[in-house]
Amino acid sequence: MTDTILDVRGISKRFGGLQALSDVGITIKRGQVYGLIGPNGAGKTTFFNVITGLYTPDSGSFELAGKPYQPTAVHEVAKAGIARTFQNIRLFADMTALENVMVGRHIRTHSGVVGAILRTGTFKAEEAAIKKRSQELLDYVGVGKYADFKARTLSYGDQRRLEIARALATDPQLIALDEPAAGMNQTEKLQLRELISRIRADNRTVLIIEHDVKLVMGLCDRLTVLDYGKQIAEGVPADVQKNEKVIEAYLGTGGH
Ligand SMILES: Nc1ncnc2c1ncn2[C@@H]1O[C@H](COP(=O)(O)OP(=O)(O)OP(=O)(O)O)[C@@H](O)[C@H]1O
């Protein structure tokens, strides 16, 4: 089994006259929490969108768990083993918390459409297993008691946790979290930090975009810093924190 989960090299992406990403590459090892940070407009979400199949890059190569991987379509990316959450929560608002997670789990089932229509024994057994696993995941992220509540009735912090449960339901090789702490209060941030640490302790691999630098520095094993689409630093938090280019990008010129 390879130690490298995601190996991405030479990603460039242009929107009209704007070079959103220039030759960006990262390597994430199994069991790491890897952070992607940078000022507003640095290209973080674009990078996420490229590796999860929402944007086609102008150049770049990808390997997932040692195999060449082409992020061409969102559902193919999920099948290949990358699950993500979004900066703006994207749950099925009128479905229950449990149903939201069950949807995520369905990409790993086998009985298919015919089985579902005929309600075969295999289908029913699979459905029961999906339900059980989904409830376990709700408990795992700490929202088990809201299983039967509609997603939109959950607090903001709980909706973010629910999104993480749904992403975990696909049994991903890599879970990519896009600003999971956005809009959270300090207590919720602490709980989130505990949850992500637990996810890592369970030998999962996490890629995280986050604006809260303190949270990222305390949580990540390694970091990449983007600024105007360029990778200005890569390394362990203690080194990245001292990097002059990083300090300048965050504190200096115009505070973009
Ligand atoms: N679909 C698009 N079409 C045109 N320009 C885009 C598109 N998506 C992003 N951009 C531009 O690319 C640049 C990088 O944006 P991106 O959203 O990736 O930055 P970010 O680091 O995630 O920023 P933030 O922290 O504000 O979310 C920005 O200048 C943005 O306006």
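Modeller: This is a predicted model.

Colleague: How many residues of domain 1 are in contact with domain 2?

Modeller: 10 residues of domain 1 contact 11 residues of domain 2. On the domain 1 side, α2 (74-80), β7 (174-178) and α7 (186-201) each give at least two residues, and α7 gives the most, with three. By class, that side has six nonpolar, two polar and two charged residues.

Colleague: How should I read a nonpolar core?

Modeller: In soluble globular proteins, nonpolar side chains tend to be buried together. Here the largest nonpolar core has 64 residues, and A97, A165, I175 and V206 have the most contacts inside it. Helix α6 (residues 156-168) provides the largest share of this core, five residues. Domain 1 (1-81 + 174-256) and domain 2 (89-171) each contribute at least three residues to this core.

Colleague: Which residues does I175 touch?

Modeller: Leaving out residues up to four places away in sequence, I175 touches A83, A167, L168, I199, R204 and V206.

Colleague: Which residues surround the ligand?

Modeller: The ligand is surrounded by F15, L18, A20, G38, N40, G41, A42, G43, K44, T45 and T46. β2 (18-29) and α1 (44-51) each supply at least two residues of this shell; the largest share, three residues, comes from α1.

Colleague: How do the residues of the shell divide into nonpolar, polar and charged?

Modeller: The shell around the ligand has four nonpolar residues, six polar and one charged.

Definitions and conventions. Residues are numbered from 1 along each chain as its sequence is written. This is a predicted model: local features need pLDDT of at least 70, side-chain atom pairs count only at pLDDT 80 or more; totals for chains, interfaces and linings use all residues. A nonpolar core is a set of buried Ala, Val, Leu, Ile, Met, Phe, Trp, Tyr and Cys residues joined through C-beta atoms within 7 Å. A residue is buried if 20 or more other C-beta atoms lie within 10 Å of its own, exposed if 12 or fewer, and partly exposed in between; C-beta atoms are placed from the backbone. Helices (H or I, at least four residues) and strands (E, at least two) are DSSP runs, numbered from the N terminus. Domain bounds come from an automatic or database domain assignment. Two residues are in contact if their C-beta atoms, placed from the backbone, lie within 7 Å. A residue is near a molecule or strand if its C-beta atom, placed from the backbone, lies within 6 Å of it. Ala, Val, Leu, Ile, Met, Phe, Trp, Tyr, Cys and Pro count as nonpolar, Asp, Glu, Lys and Arg as charged, and the others, Gly among them, as polar.
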